[in-house]
Amino acid sequence: MRKFLVVALFWSSLSFVSAQENSSFQAGEWLKFKLSYSGWMKAGNATLEIHDAQYKDKPVFHVIGKGWTTGAIKWFFKVKDRYESYFDKKTGQPYKFIRDVYEGGYTKNRIIEFDYTKNQANINDLKEKKKTTVPIRSNIQDIISAYYYLRNNYETASIKVGEVVQLDMFFDSEIFGFKLKYLGRETIKTKFGNVNCLKFRPYVMAGRVFHEEESVTLWVSADKNKVPLKIKADLRVGSLQSDLEAFKGLKHPFEIQL
C-alpha cells in the first residue's frame, strides 16, 4: 500500500465535458518533470507521452510513463519505472495497463487487461509467471488513465473551493478510492514564467511515508491544457517536489502571465 501511494502521487496526480474536439490533450503531447528532495537535491526525472494506437480494433490513446533516479540518490536507491496505459479515446475507459518497475531492489512486471463484458481484470504477472482474475466495476481507472480522464472530465469553470472529486482506481489487484480536493486559484513562478494555476489536495494515507492524509499539494495550469506544473509532498523525513521542466505537443496555447 505504501508503494501505491507514492506511485499514485507522481503518476496519477502528475491531473481533467468530453467530446473529443474539446479534449485537453492530443497524441504527440510530451511532458518532462524534475523531481527533487527537500527542495535542493535532484532526485530524478519522469516523462509522460501520448500516442495514437489500436486496441482490439478500437481507437485508443497509448500513454507511456517513465521515471528514473539521477545523481547521488541512484547509488543508494535506484528507480527505473515504466508504466503504459491504453484507454478509449471517447470515454477514457482503460483497456490495458502495463507496470514494469525497479525500485531499490523491489520489482514488479505485470500486464492487466480489463474485460468489461465479464467485469473482470485479467492479470498476467510476468515476474511470478502467474495469471489471475479480479472482479471490477465498469467505472474504474488505472493510475495513468485517471490523470487524462480527470483532465477531460473535471469541470473547472464552476468548481468551488472545498469541492472534492472521487474516482475508483485499479492498481496491482485492488480497487482504491482516490480523492482530490480543490483549494482555489494561485499564480506560481515556474521556469517558463508566472502561470495561473488551479490548486488541489490529493488525499494520501498518513503513516510511514506521509505526515497526514493532506500532505500533498498539486498545482495544475488553469488554461485548457490542465497540465500539472508542480507537486509537493511533505514526507515523514524531508519533502519531495516535482516540477514541469519541459513540454511539447500541447493541444492548446500554454498561457503565461507577463
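Author: Helices here are DSSP runs of H or I with at least four residues, numbered from the N terminus. The model is a predicted one. Helix α2 covers residues 145-153, and Arg151 is part of that helix. Arg151 has a relative accessible area of 1%, so this residue counts as buried. Two polar partners can be named for its side chain. One is the side chain of Tyr147, in a polar contact of 2.8 Å. The other is the backbone oxygen of Ser24, which lies 3.1 Å from a polar atom of the Arg151 side chain.

The aromatic rings come next. The structure holds 17 aromatic pairs. Phe25 and Phe87 are both buried.

Another pair joins Tyr154 and Phe200: the ring centres are 5.6 Å apart and the planes stand at 90 degrees, so the pair is edge-to-face. Tyr154 sits in the loop between α2 and β10 (164-171) and Phe200 in strand β12 (residues 193-202), so the parts tied together here are 46 residues apart in sequence. Tyr154 and Phe200 are buried too.

Ring pairs also link a cluster made up of Tyr55, Tyr86, Tyr95, Phe114, Tyr116 and Phe170. The ring of Tyr95 has the charged end of Lys58 over it, 5.4 Å from the ring centre. A further lysine, Lys248, lies over the face of Trp30, at 5.4 Å from the ring centre.

In soluble globular proteins, nonpolar side chains tend to be buried together. The largest nonpolar core in this model has 63 residues, and Phe114, Phe170 and Phe200 are among those with the most contacts inside it, as are Ile144, Tyr148, Val227 and Leu229. Strand β2 supplies the largest share of this core, six residues.

For contrast, consider a residue at the surface. Lys56 is in the loop between β2 (41-55) and β3 (58-69). Its relative accessibility is 60%, so Lys56 counts as exposed. Lys56 is not a glycine, yet has a positive phi of about 50 degrees.

Note on methods. Residues numbered from 1 in each chain as written. Predicted model: local features only at pLDDT ≥ 70, side-chain atom pairs only at ≥ 80, totals over all residues. Heavy atoms only, no water. Helix = DSSP H or I, 4+ residues; strand = E, 2+ residues; numbered from the N terminus. Buried < 20%, exposed > 50% of the residue type's maximum accessible area, 1.4 Å probe, protein only. Core = buried A, V, L, I, M, F, W, Y, C linked by side-chain atoms within 4.5 Å. Polar contact = N/O pair within 3.5 Å; in protein donor to acceptor, adjacent residues only side chain to side chain. Phe/Tyr/Trp six-rings, centres within 6.5 Å; stacked < 30°, edge-to-face > 60°. Lys NZ or Arg CZ within 6 Å of the ring centre and 35° of its normal.
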